[in-house]
Amino acid sequence: MGDLAPDGIRSLLNKKSAAYRNCQVDEQELSEEELAEFLADKPKALKRPILTNGHKVVLGFIEDEMKELL
């Protein structure tokens, strides 16, 4: 995610998702690599949709930002 997402991979985690809540994992205790592995194993824990134009990223359904990006 680099410069597009200031919080890096942590910004991809949807803490409200059932996939995250049911796992009883504390994301603060996970390294970036462990969090990446968790998200690869549990893709339903990702914020969706993920939209980018190469300069900006919109994570989740934020209608105004999505329209602006598109």
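Select Arg10 first. Its relative accessible area is 23%, so Arg10 counts as partly exposed. Keep in mind that you are looking at a predicted model.

The side chains of Arg10 and Glu32 form a salt bridge, with N and O 3.6 Å apart. Look at where the two partners sit. Glu32 belongs to helix α2, residues 32–41, while Arg10 lies in the segment before α1, residues 18–23. The pair links distant parts of the chain, 22 residues apart. Is Glu32 buried, partly exposed or exposed? At 41% relative accessibility, Glu32 is partly exposed.

Next, go to Asp41 and Lys42. Their side chains meet in a salt bridge, 3.8 Å from N to O. Colour the two by accessibility. Asp41 has 56% relative accessibility, so this residue is exposed. Lys42 has 30%, so this one is partly exposed.

Move on to Glu68 and Lys56. Here is another salt bridge, with the closest N and O atoms 3.8 Å apart. Which parts of the chain does this pair tie together? Glu68 is in helix α3, residues 63–69. Lys56 is in the loop between β1 (50–52) and β2 (57–59). The two parts are 12 residues apart in sequence. Check accessibility again: Glu68 is exposed at 62%, and Lys56 is partly exposed at 30%.

Leave the charged pairs and turn to the nonpolar side chains. In soluble globular proteins, nonpolar side chains tend to be buried together. Select Ile9, Leu12, Leu13, Ala19, Tyr20, Leu30, Leu35, Phe38, Leu39, Ala45, Val57 and Leu59. These 12 residues make up the largest nonpolar core. Which elements give two or more residues to this core? They are α1, α2 and β2. Helix α2 provides the largest share, 3 residues.

Finish by zooming in on Leu13, one of the core residues. Show its contacts, leaving out residues up to four places away in sequence. Leu13 then touches Tyr20, Glu27, Leu35, Phe38, Leu39, Ala45 and Lys47. Keep Leu13 and Glu27 on screen together: the two residues are in contact.

How values were computed. Residues are numbered from 1 along each chain as its sequence is written. This is a predicted model: local features need pLDDT of at least 70, side-chain atom pairs count only at pLDDT 80 or more; totals for chains, interfaces and linings use all residues. Side-chain values use heavy atoms; hydrogens and water are left out. A salt bridge is a side-chain nitrogen of Lys or Arg within 4 Å of a carboxyl oxygen of Asp or Glu. Helices (H or I, at least four residues) and strands (E, at least two) are DSSP runs, numbered from the N terminus. Buried means under 20% relative accessible area, exposed over 50%, partly exposed in between (1.4 Å probe, protein chains only). A nonpolar core is a set of buried Ala, Val, Leu, Ile, Met, Phe, Trp, Tyr and Cys residues joined through side-chain atoms within 4.5 Å. Contact means heavy atoms within 4.5 Å.
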